[in-house]
Amino acid sequence: MAISRRTALRVALAGAAAALAAPVKAAAPIAAPADAVGLLYDTTKCIGCKACVAACRVANGLEPDTTWSEGRYHAPLDLSARAKTVVKLYDDGSKSSFVKAQCMHCLDPACANACMLGAFKKREFGIVTYDPEYCIGCRYCEVACPYGVPKFEWSKAAPKMVKCELCNHRLAEGKQPACTEVCPRQAVIFGTREDLLREAHRRLAEQPGTYVQKIYGEHDGGGTQCLYISHVPFDAIGFPALGEESTPTLQRTIQHSIYKGFAAPVALYGLLGAVMLRNRRKGEPA
Amino acid sequence: MSGHVRPIGGALVTKPLKILLALFGAGAVLILYRFATGLGRVTAMNDGYPWGLWIAFDVVTGTALACGGYAVALLVYVMNKGKYHPLVRPAVLTSALGYTLAGFGVALDIGRWWNIWRVPLFFWRWNFDSVLLEVALCITSYMFVLWIELSPALLERAEQTSVPWLKRAAARTRPVVEKALLWIIALGILLPTMHQSSLGALMLIAGPRLHPLWNTGWLPLLFLMSCIAMGYAAVVFETVLASWLFKTVPERGMLASLSQAMVPLGTGYVLLRLIDLAGRGQLPALFAFDFYSVMALLEFALFMLAIGLLLRDADRQRLGNMFRAAMVFMLAGSLYRFDTYLVAFRPGAHWSYFPSVTEIFITVGLIAGELIAYILIVKLFPILTLEKRDAAYHH
């Protein structure tokens, strides 16, 4: 009458077979694309003028975010569908620092990893670009991004995702991104990732007392193309401690081990069919 | 067994149905408003919490509660327990309705809904790294599989109509479906095994933003084990409820066995979770008694309460007790999913989310629609095994 414990266990195991998490292999470091470009931001140089924020809005044709300026001017508090970059202030009373936020252009972007039809994809120069044609607005990219970068147009009936694409429309015209072009102190500069890394290392070595001896983005989260050097700890200016592994690594390793070549699902399907055929021939057990 | 599978019959439009229709109507109006104005006006979702009630409940929890068809199919066709066959049709019906609701939930939730058809068709664009793609394709296929699994019941009824062409078409289609049914049912077991585990894997991409009490590589297996237990619980719940509403006698022994099956599944889930937490050194976090620890402990308490209610043989003989245990199991599994998708997700201190009234009303409207469909289908089609109370008393 009753289902035996063994049977119930078999029920669980039959299902579990395909879902068993395989041990996670150590991921090989991710190589940057050969043509990777990016930004280098230096907290010691930024004066918080926000010229980059204004220039970015104009260059990208974004509506002004006037929520916090009583309708007067573009003054976004955070990244949003109307702001692809913002400058924030960190102040603990004794030390303060500005910090510019925009897409980090990860070497292994979580948004692109998550995106069903590849609307977010790493393309030319390693820039993570967006193609609304293949976006259904599921917002899994927002769940995935460890920096909270992609933003959704919540107030629109026909919304898109919005994030920095490193002014790739300007790069195509031979110009540099709007933010680096207008920066009066060269607090944010544009270049190949290789050059920027070299420059960052040079600055750290030249003024070891000034900087935290780390380039955020060199290895963090698998590495990014936008790099930061700072005189205050990186966690204070809002950077997550990600370690050297990219955030999609664990999920991808598990998923790819289960679905490698789609062999396990096909095998399970065959097995299920075979068991059911045998059961039908055998009829019901007494 | 002396029961017969047949339509319940009776008046279609009853007072409860009218109330459900009103709720469904209100939801439908709000849904139109959502499509006209976008998601920001209607929901409390934001850039910190891009997924809210519709994903966490309608899709993730809803499909787990709709695992009855999957769980019973495992029992009847894989474990070859043919005596549970009377449970198949009602379980498949609720599963089909639950997954259809999830489909509607997704259609409401996505911002660029007019592009949705591209996901299954643009195969050259498929991103095989995307767990969501696998979930989306799997759930969509399974929704169709469930309706095909149910179709013999619908066709049987169609064969008895007085419309000649419908009669002929049904009589011709049913043997074809029944011949292929074994392989369709096999698909109906494979697909939920895949996507219910992947629903667990989905949140892993949030990395450090997912609280360590929930962030584990075992999420897929934990989701799978709990969804099967939830499936059995939902079948017990539904069978007992239907027997009260439609004045039939439920197969007590069968329900007792289902209830018993939940015990090892639930215990396995609890043990795996504890071992995983211990292995990752998270046991202190479990007993830190902060917000996250309390939520996780509440999950454990619910699972253990449900298991406790079903431990002794005598407890599995009482219908009321099995009903309660089933409800606690459903609640426990639902809370686990809500926690994984909403509570454990930490986008930053300056973000918060609680579903808006309109968001809740739309979900209520969808559930009302699901119940309406259930009531109408069991009244019109041969789904439930009926054994009227007065007849049973003479045995």
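Where in chain B is confidence lowest, and where is it highest? Confidence in chain B is lowest in helix α15 (residues 389-392), with a mean of 47, and highest in helix α12 (residues 291-309), at 97. Here pLDDT is the predictor's confidence in each residue, on a scale from 0 to 100. Helices (H or I, at least four residues) and strands (E, at least two) are DSSP runs, numbered from the N terminus.

What you're looking at is a predicted model, in which local features need pLDDT of at least 70 and side-chain atom pairs count only at pLDDT 80 or more, while totals for chains, interfaces and linings use all residues. Residues are numbered from 1 along each chain as its sequence is written, and chains are lettered from A and ligands numbered from 1 in the order in which they are written.

View 1. The mean pLDDT of chain B is 93, with 97% of its residues at 70 or more. A contact means that the C-beta atoms of two residues, placed from the backbone, lie within 7 Å. Where pLDDT is low, the predicted coordinates should not be read in detail.

**View 2. Where chain B meets chain A.** Across this interface, 68 residues of chain B are in contact with 66 residues of chain A. Several helices of chain B supply at least two residues each to the side that touches chain A, including α1 (15-37), α7 (131-158) and α10 (252-279). The biggest contribution to that side comes from α8(B), with 11 residues. Sorted by class, the side of chain B that touches chain A has 43 nonpolar, 19 polar and 6 charged residues. For that tally, Ala, Val, Leu, Ile, Met, Phe, Trp, Tyr, Cys and Pro count as nonpolar, Asp, Glu, Lys and Arg as charged, and the others, Gly among them, as polar.

**View 3. The largest nonpolar core.** This core has 205 residues, and A233(B) and F329(B) have the most contacts inside it. Such a core is a set of buried Ala, Val, Leu, Ile, Met, Phe, Trp, Tyr and Cys residues joined through C-beta atoms within 7 Å. Buried means 20 or more other C-beta atoms within 10 Å of a residue's own, exposed means 12 or fewer, and partly exposed is in between, with C-beta atoms placed from the backbone. Helix α9(B) provides the largest share of the core, 18 residues. Zoom in on F329(B) and, leaving aside neighbours within four places in sequence, its contacts are A229(B), M230(B), A233(B), M262(B), G266(B) and A306(B).

**View 4. The three-stranded sheet of chain A.** Chain A comes to 9 helices and 9 strands, and buried residues make up 45% of its 286 residues. Three of the strands form an open sheet in the order β8-β1-β9, with mixed pairing; strands pair if DSSP finds at least two bridges between them. The edges are β8 (188-192) and β9 (227-229), each pairing on one side only. Strand β1 (residues 37-42) runs antiparallel to β8(A), joined by 5 bridges, and L39(A) stands opposite F190(A) in β8(A). Helix α7 (residues 193-206) of chain A lies across β1, β8 and β9, running at about 20° to β1(A). Axes are lines fitted to C-alpha atoms, for helices over the stretch in contact, and angles run from 0 to 180 degrees between N-to-C directions.

**View 5. A hairpin in chain A.** Strands β2 (residues 86-91) and β3 (residues 96-101) of chain A pair in the antiparallel sense over 6 bridges. L89(A) has F98(A) in β3(A) as its bridge partner. The hairpin leaves 4 residues between β2(A) and β3(A), and G93(A) in the turn has a positive phi of about 105°.

**View 6. Two positive phi values in loops of chain A.** L166(A), in the loop between β7 (161-162) and α5 (168-171), has a phi near 55°, a positive value in a residue other than glycine. L166(A) counts as buried because 26 C-beta neighbours lie inside 10 Å. F262(A) sits in the loop between α8 (249-258) and α9 (263-282) of chain A, with a positive phi near 60°. F262(A) has 10 C-beta neighbours inside 10 Å, so this residue counts as exposed.
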